[in-house]
Amino acid sequence: MQTDVSQKNHYIPWQVLALMSFVTVIGFDDLIYNFKNQGMGVITSWILMLVLYVIPYSLMVGQLGSIFNEEGGGLSSWIRGTNGEFLGYFTAWTYWAASIPYVVDTANSVVVGLGWAVTGDGKFQDSMSNEQFALWTLIIFVVFILVQSKFKKSLELLSSIGGIAMFGMTVLFVIMAVASLGMGGHIETQPMNLGAIIPKFDLKYLTTIGLLIYAVNGCELIAPFVTKMKKPASEFPKSMLLLVGMTAFLTIFGSFSLGIFFNAHHLPKDLKMNGSYYAFQALGEQYHVGNLFMYLFAWTEVIYLAALLAVLLDAMTRMLISDTGTRFMPKVLRKTNKNGLPINGYILTCILSGLILLLGIFLPDMNDIFNWLLNLNGIISPGVTCWIFYAFMRVRRNSAQYPSTYVFIKNDKLAWLIGFWALAVTVIATVFGIFPQDVAFMGDTWWYELMINIIAIVVLIGLGAILPILTKYEKRR
């Protein structure tokens with residue numbers, strides 16, 4: 001009897017799993033980025049995305065995690081289990097490559113956040129050249145690669161606490177922004193009616209879908225926990241529906257709250273880079289507390305992103321080296337120092353990050369660099385998400401080979417079609433995301449960003465195809 005109780009205590013309640021995934025899926029910056037892209041129309045986009053994409057996406061992830069639970073439930077193990085070793089390696093590589101623009105963008109955000117946290121405004125950006133911005137970002141990279149090896153466990157804890165605190169700040173903003181209307185506040189976006197929340201479905205809209213997917217992906221991180229639930233078949237869907245409900249609340253009311261403080265028809269050019277700070281600054285003015293909320297947010301952002309950056313730099317490099325083994329990765333990249341750290345893997349990460357920064361230096365200003373890096377994430381991150389739906393389609397084409405404690409839709413043909421739908425949407429978002437945003441259409445900057453988008457993709461993804469060839473040559477020698 002005692003053993004049964006002990007085992008029972010190890011089950012994860014479905015409510016807890018929903019909260020765990022919620023913290024990893026959406027954040028305040030995601031609201032700002034997509035509000036800048038689509039204005040109040042993003043409310044409709046969030047609703048469509050949640051119902052038609054996030055729900056099936058998260059439930060597919062649940063089945064894949066249940067099937068491949070003995071291998072840790074990672075994305076590369078799903079592809080390896082359905083398509084063989086090479087595609088498993090290439091998935092691990094693309095997942096790692098997608099992390100490069102993300103960590104560069106994170107390092108940029110640390111620089112921006114420190115400026116606001118120390119000076120209380122964004123004026124420091126006007127005095128910083130593109131070269132200085134890139135240099136500070138690179139310095140932050142090197143510092144945190146050195147720091148993470150000494151304080152890894154404390155940084156993991158700090159990033160978790162920071163993630164929860166960041167989520168708390170987002171909820172606080174939504175509640176206080178709506179409450180401010182009852183205190184005599186007014187809505188900046190006018191007219192605020194049904195027509196205001198209908199987006200314009202054109203080419204520009206298609207280029208912004210990738211950033212929406214970038215904002216809501218990440219469910220695969222909780223896939224290994226599916227088999228740790230008491231009744232996965234009934235509890236996991238409830239967990240994901242709760243996740244979608246909480247995400248819907250935050251995205252819909254969060255976007256509406258931004259419309260209270262910003263005129264969606266005339267948004268600041270630097271909203272993606274500084275919008276979060278502007279928003280909390282406006283909230284503080286509404287409640288007559290000055291920059292209090294802005295400072296709270298800025299330091300929360302800096303601490304969270306700094307810890308996250310260090311953990312990411314370590315985890316992404318170790319994952320790639322350990323997941324690919326000796327078959328596809330050259331010996332020089334698998335080399336470790338006396339502490340077991342893949343030192344040459346870190347060097348490769350810095351080199352590729354430096355290349356990404358170098359491509360951005362020639363853009364007009366710091367704001368353009370920030371926007372370009374962010375939009376690059378909206379290309380590469382959805383591209384990697386395609387692997388999830390591809391693996392799911394392979395599983396459902398021959399479901400007898402892949403038994404699972406949780407199954408998303410019993411009918412294989414219907415499940416396959418839904419997987420194909422999600423894959424098609426993600427591929428379209430990835431392709432159209434290559435076209436630049438936030439700059440004049442067909443202008444000089446537009447063409448330059450298009451060129452460096454293609455260069456970044458070719459280098460990051462193409463290198464993954466070259467390394468196995470080098471490894472094969474190395475073994476022959």
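Helices (H or I, at least four residues) and strands (E, at least two) are DSSP runs, numbered from the N terminus. This is a predicted model, in which local features need pLDDT of at least 70 and side-chain atom pairs count only at pLDDT 80 or more, while totals for chains, interfaces and linings use all residues. Residues are numbered from 1 along each chain as its sequence is written, and side-chain values use heavy atoms, with hydrogens and water left out.

**Overall fold**

The chain has 16 helices and 0 strands. Its C-alpha trace spans about 65 × 55 × 50 Å along the principal axes. The radius of gyration, taken over C-alpha atoms, is compared with a globule rule of 2.2 Å times the number of residues to the power 0.38. For 477 residues a compact globule would come near 23 Å, and the 22 Å of the chain agrees with this.

Buried means under 20% relative accessible area, exposed over 50%, and partly exposed in between (1.4 Å probe, protein chains only). Of the 477 residues, 55% count as buried. The accessible surface, from the Shrake-Rupley method with a 1.4 Å probe, comes to about 20600 Å², and 67% of that belongs to carbon and sulfur atoms.

A contact means heavy atoms within 4.5 Å. Among contacts between residues at least 6 apart in sequence, 82% join residues at least 24 apart.

**Charges and salt bridges**

Lys and Arg count as positive and Asp and Glu as negative, with His and the chain ends not counted. The place of a charge is taken as NZ of Lys, CZ of Arg, CG of Asp or CD of Glu. There are 30 positive and 27 negative side chains, and the centres of the two sets lie 14 Å apart.

A salt bridge is a side-chain nitrogen of Lys or Arg within 4 Å of a carboxyl oxygen of Asp or Glu. The structure holds 4 of them, including the following.

| Positive residue | Negative residue | N to O distance |
| Arg80 | Glu85 | 3.3 Å |
| Lys269 | Asp365 | 3.8 Å |
| Lys272 | Asp438 | 2.8 Å |

Lys272 lies in helix α10 and Asp438 in the loop between α15 (412-433) and α16 (444-476), so the pair ties together parts 166 residues apart in sequence. Lys272 is buried at 3% relative accessible area, whereas Asp438 is partly exposed at 28%.

The salt bridge of Lys269 with Asp365 links distant parts of the chain: Lys269 is in the loop between α9 (232-261) and α10 (271-286), and Asp365 is in the loop between α13 (343-361) and α14 (366-397), 96 residues apart. Lys269 is exposed at 53%, and Asp365 is partly exposed at 26%.

In the remaining row, Arg80 counts as buried at 17% and Glu85 as partly exposed at 38%.

**Thr445**

Thr445 is placed in helix α16 and is partly exposed, with a relative accessible area of 23%. Leaving aside residues up to four places away in sequence, Thr445 touches Leu363, Pro364 and Val439. Its C-alpha atom is separated by 48 Å from that of Trp14, 431 residues away along the chain.

**Backbone geometry**

Most residues other than glycine have a negative phi, and most peptide bonds are trans. A cis peptide bond joins Gln190 and Pro191, with omega about -5 degrees. Pro191 is in the loop between α7 (130-180) and α8 (203-216).

His288 has a positive phi near 60 degrees; this residue is in the loop between α10 and α11 (292-328) and is exposed at 73%. Ile409 has a positive phi of about 65 degrees. Ile409 lies in the loop between α14 and α15 and is partly exposed at 25%.
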